Amino acid sequence: MAKWDISRIDEWKGDEFPLGACIPESGNSRDYVTGGWRSERPVRDDAKCTQCLICWIMCPDSAVVAAGEKVVDFKLDHCKGCGVCANECPADAITMVPEGCELPEVK
Amino acid sequence: MATQKTVSATGNAVVADAMRQCKPDVMAAYPITPQTTIVEEFAGFVAKGRVHTEYVTVESEHSAMSACVGASAAGARVMTATSSQGLALMWEELHVASGMRLPIVMANANRALSAPINIHCDHGDAMGARDAGWVMLFAETAQEAYDNTIMATRIAENPAVLLPVMSCLDGFITTHSIDRVDVLDDESVAEFVGEYAPQNALLDIDQPVTHGAFAGLGGPFFEFKRAQRDAMERSREVISSVGAEYSELSGRPFGAVESWGMEDADVAIVVIGSTAGNVRHVARQLRAEGVKAGIVKVRVFRPFPYAELAAALSGVKAVAVLDRAESFGAEGGPLFLEVRSALYDAETRVPVAGYIYGLGGSDVRLELIERVYSDLSDIAAGTAQPGGFVYLGAR
């Protein structure tokens, strides 16, 4: 199915807006980057991790990346830093680290 | 013209029957006096297999309208009914239904809002929802309540409109009194309303959609509201053409405003709902005495027929507006504000007197209407001025 083209949305007039604010497309939540809401970021210790995949199952944003039945990364574009993965991890392999601390000071 | 059967029935019974004839896919409803017998009667039709509707019993009106919104977004023809506190409890979903452009049809049995608690007729419930983006029809009689329900389905579902429609009838006076009603045959109604062809239906798996998305933070919320306004404006023409088509089918005239005696009237009363009958009766008697009395009944309140109203009232010397609802702190009741605004661009300035009447079912006796016409004659003669905030008949 063709992607819904909203590139001209700022120029749309009247009937160009979809009826009742409906979005005529599915599966577009991956285009909506929500990682900016995060105040804490998950960090996984590979030495402690048993690859039980519970974090991958529990993540409410599908932001735990698994490949070959192993956890490999977090999708930080979508991780909101809720900490469910760290809380659920039976091996205490995930730590929530404050976000933004390493950012350069804004002058 | 269609085959019709004359029945003696209550307003609620014929509204339920009209809904059955329109064959909704879903009804989600909660009982509340004086609406209860509509959904009770309809539940009976479902139980007896006389209509194949998914009947959802819910725990409140908030849930009733929420379920209606969901079902309508799914692509169903949806109907419900409520009254007073129930309508108030639906308030947030009323805006969701219109904003999502869902053509839900709802009967509202007009009843006063608490407090003090009261179960009888006034228009405070519907007038409280007048800015919710619904098309609003009002009935004088059980016949009009029946006719309005069928027309509401066509108006709501018209592709140029796609807005919810509230079809109002006066609590107890119209809902519970047995009246003479001409009922169309099932086939004619089915043919008149036709099959509903939903747009953006959630159940259309070939065309997946998202409903209820966010449009803030610089998003086009403002533009969506403008689109809603455009749809409401387009509904004027649709209401008029659906009314004309229905008149041909039923033999009963329909107008957004309906006038009596206005060809040469000096004094006129503007009114909504069942009281129009009392007013017409008094106007007829006054005509016999030589008073050129007229009446303008407003049958469509949203979109407000300001042009038709101004045309109907052109040439009169004094106008009275009867409001069965308050707008505390405003210059008059909701209808008064609309009527006076509609007359602002008239070439000659007509004095307009506002009256609040019949709140909570307070009796509307003929002598009260006579008093209004008498006040109007004095105003027309220049011997009196509109009184302001008159509570007609209050002790």
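In this predicted model, chain B is divided into domain 1, which takes in residues 4-183 together with 212-250, and domain 2, which covers residues 257-391. The C-alpha centres of these two domains of chain B lie 27 Å apart, and across the boundary 25 residues of domain 1 are in contact with 20 residues of domain 2. On the domain 1 side of that boundary, the elements that each give two or more residues are α6 (124-128), β6 (135-138) and α9 of chain B, with α9(B) supplying the largest share, five residues.

Turning to chain A, its secondary structure comes to two helices and four strands, which run β-α-β-β-α-β from the N terminus on. Chain A is more spread out than a compact globule, because its radius of gyration of 19 Å is well over the 13 Å that the globule rule gives for 107 residues. Taken along the principal axes, the C-alpha atoms of chain A fill a box of roughly 55 × 45 × 20 Å, and buried residues make up 15% of the 107 residues in the chain. Among the contacts in chain A with a separation of 6 or more, 61% are accounted for by residues 24 or more positions apart.

How values were computed:
Residues are numbered from 1 along each chain as its sequence is written. Chains are lettered from A and ligands numbered from 1 in the order in which they are written. This is a predicted model: local features need pLDDT of at least 70, side-chain atom pairs count only at pLDDT 80 or more; totals for chains, interfaces and linings use all residues. The radius of gyration is taken over C-alpha atoms; the globule rule is 2.2 Å times the number of residues to the power 0.38. A residue is buried if 20 or more other C-beta atoms lie within 10 Å of its own, exposed if 12 or fewer, and partly exposed in between; C-beta atoms are placed from the backbone. Two residues are in contact if their C-beta atoms, placed from the backbone, lie within 7 Å. Domain bounds come from an automatic or database domain assignment.
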